[in-house]
Amino acid sequence: MKAYSSKEMKRYNHLLGEIEAVYHEMSLKLGLSDSAMIILYTICDEGDSCLLQDICLRSGMSKQTINSALRKLEKEGIVYLKPADLRGKKVCFTEKGRDLAKSTAVRMIEAENEILASWSKEDVEKYLELTERFLSALKVKAKEIER
């Protein structure tokens, strides 16, 4: 079978895989599973709490995977859930959760912020602009694909 990806797409996929591997390695070094890290990271990104649906949307993981990780974090006293509205739930840090987040997800966020701060404003804007363009075009293509 022939290779279908362009040279550029192969490079992109390789880089994306390598980035995901680095995030996985960081999570492991900080003593968290990928799903637990994504939950803590997303809450930190929003403040002290966020909607469960936002965690699911932003993580790209299945709702089942997120719910399983949340149950474990609840048992460990890291997070608790409270009603947000008629249908939604809010995921909130406990004091223990805030402490854990500071020593894990916040460190990861700070590392990312340091990297972007070391780039010129133009490079950051170009990187974000191109990533948004790729995502937007990919969403259009995804809608066009049928079984």
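**A note on how helix α4 packs**

1. Helices α2 and α4 are roughly perpendicular to each other, because that label covers angles of 65 to 115 degrees. Their axes cross at roughly 80° and come within 9 Å. Helix α2 spans residues 34–46. The model is predicted, so local features need pLDDT of at least 70 and side-chain atom pairs count only at pLDDT 80 or more, while totals for chains, interfaces and linings use all residues. Residues are numbered from 1 along each chain, and side-chain values use heavy atoms, without hydrogens and water.

2. Which residues make this contact (heavy atoms within 4.5 Å)? From α2 come Ser35, Ala36 and Ile39, and from α4 Thr65, Ile66, Ala69, Leu70 and Leu73. By class, the contact of α2 with α4 has 6 nonpolar, 2 polar and no charged residues.

3. Now for α3 (residues 52–59) and α4 (residues 63–75): they pack at about 125°, with axes 10 Å apart. That makes α3 oblique to α4. Their crossing is right-handed. On the α3 side, Leu52, Ile55, Cys56 and Ser59 make the contact; on the α4 side, Lys63, Ile66, Asn67 and Leu70 do. This contact has 5 nonpolar, 2 polar and 1 charged residues.

4. Have a look at Leu52, which lies in helix α3. Is Leu52 buried or exposed? Leu52 is buried (under 20% relative accessible area), with a value of 11%. Leaving aside neighbours within four places in sequence, Leu52 is in contact with Ile66, Asn67, Leu70, Leu81, Lys89 and Val91. The C-alpha atoms of Leu52 and Ile39 are separated by 9.1 Å, and the two residues are 13 residues apart along the chain.

Methods:
Axes are lines fitted to C-alpha atoms, for helices over the stretch in contact, and angles run from 0 to 180 degrees between N-to-C directions. Helices (H or I, at least four residues) and strands (E, at least two) are DSSP runs, numbered from the N terminus. Angles under 35 degrees count as roughly parallel, over 145 as roughly antiparallel, 65 to 115 as roughly perpendicular and the rest as oblique. A crossing is left-handed if the near helix is turned anticlockwise from the far one by less than a right angle, and right-handed if clockwise. Contact means heavy atoms within 4.5 Å. Ala, Val, Leu, Ile, Met, Phe, Trp, Tyr, Cys and Pro count as nonpolar, Asp, Glu, Lys and Arg as charged, and the others, Gly among them, as polar. Buried means under 20% relative accessible area, exposed over 50%, partly exposed in between (1.4 Å probe, protein chains only).
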